[in-house]
Amino acid sequence: MTHKIEATIDLAALRHNLALVRSLAPASRVLAVVKADAYGHGLRGLLPAFDGADALAVAHIDEALELREWSAKPIVVLEGFLDAREWSDFCAHDLTPVLHSGEQIAIIERNPPPAGASAWVKIDTGMNRLGFEPQALPRLRARLAAAAPGLELVLMTHLARADEPGHPATAAQIARFDGVAAGSGLAQSIANSGGIMGWPRARRDWVRPGRMLYGITPF
């Protein structure tokens with residue numbers, strides 16, 4: 001005998017979780033992370049619950065192109081683009097890349113984006129996975145300003161241990177980020193779910209809730 005297993009998704013619960021993000025970070029815009037088919041919950045069916053988000057984030061371009069068929073919201077692609085062909089798709093479909101390597105900057109220099117384009121610049125403050133060294137930011141901004149003068153930038157970093165309340169590594173990452181961001185004039189984003197719930201200093205212009213939207217505690 002076979003047993004049928006079903007997962008029932010309550011959109012009202014998702015809306016409640018998004019409202020919790022708003023209550024914790026009322027001055028921030030919300031980038032709702034919906035990568036991996038909304039963490040396996042079925043993204044297309046969940047989109048009405050995320051109407052209140054300011055933008056949506058996915059991991060890679062294939063997800064973004066599919067999502068663009070369903071949503072006109074701004075879409076941030078966390079892995080950015082890998083080559084000139086993908087960058088062309090970003091420009092054609094109004095997608096926002098996260099920039100984390102010099103190769104991406106070089107591609108933009110060779111193929112400037114259309115007016116109104118935007119990008120997020122990832123600074124490695126201690127995650128040690130992807131991102132530019134903090135001291136590289138002035139040089140990167142100069143190159144981007146020359147190649148794409150109207151490119152709107154958001155400065156971001158990713159917290160490695162935000163799910164451990166009080167851990168000194170997170171305070172150190174925030175301090176490093178502040179050292180880079182001070183005086184830059186750029187919009188800022190630090191907080192993932194753990195940062196939103198446990199680190200008020202990490203709630204900046206943009207917050208990036210992921211698993212907390214689906215009822216999963218980061219702690």
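The lining of the largest pocket comprises twelve nonpolar, five polar and eight charged residues. In this classification Ala, Val, Leu, Ile, Met, Phe, Trp, Tyr, Cys and Pro are nonpolar, Asp, Glu, Lys and Arg are charged, and the others, Gly among them, are polar. This is a predicted model, in which local features need pLDDT of at least 70 and side-chain atom pairs count only at pLDDT 80 or more, while totals for chains, interfaces and linings use all residues. Residues are numbered from 1 along each chain as its sequence is written, and side-chain values use heavy atoms, with hydrogens and water left out.

The volume of the largest pocket is about 530 Å³. A pocket is an open set of points on a 1 Å grid over the protein atoms alone, where a 1.4 Å probe fits, with protein on both sides within 12 Å along at least five of seven lines; lining residues have an atom within 4 Å of a point. Grid points are joined across faces, edges and corners, and the volume is the space filled by probe spheres set on them. Among the 25 lining residues, Lys 35, Tyr 39, Leu 78, Arg 129 and His 158 are the closest to the pocket centre. Helix H2 (35-40) and helix H9 (193-198) are the elements that give two or more residues to this lining; helices (H or I, at least four residues) and strands (E, at least two) are DSSP runs numbered from the N terminus.

Asn 192 is situated in the loop between strand S7 (187-189) and H9. With a relative accessible area of 15%, Asn 192 is buried (buried means under 20%, exposed over 50% and partly exposed in between, with a 1.4 Å probe and protein chains only). Not counting residues up to four places away in sequence, Asn 192 touches His 158, Leu 159, Ala 162 and Arg 208, contact being heavy atoms within 4.5 Å.

Most residues other than glycine have a negative phi. Within helix H2 lies Asp 37, whose phi is positive, near 55 degrees; Asp 37 is partly exposed at 41% relative accessibility. Tyr 39, also placed in helix H2, has a positive phi of about 55 degrees and is partly exposed at 30%.

Tyr 39 forms one aromatic cluster with Phe 50 and Tyr 214. Rings of Phe, Tyr and Trp (its six-membered ring) pair if their centres lie within 6.5 Å, and planes under 30 degrees apart count as stacked, over 60 as edge-to-face and the rest as tilted. Six aromatic pairs are counted by this rule. The ring centres of Phe 81 and Trp 87 are 4.8 Å apart and their planes stand at 35 degrees, so this pair is tilted. Both Phe 81 and Trp 87 are buried.
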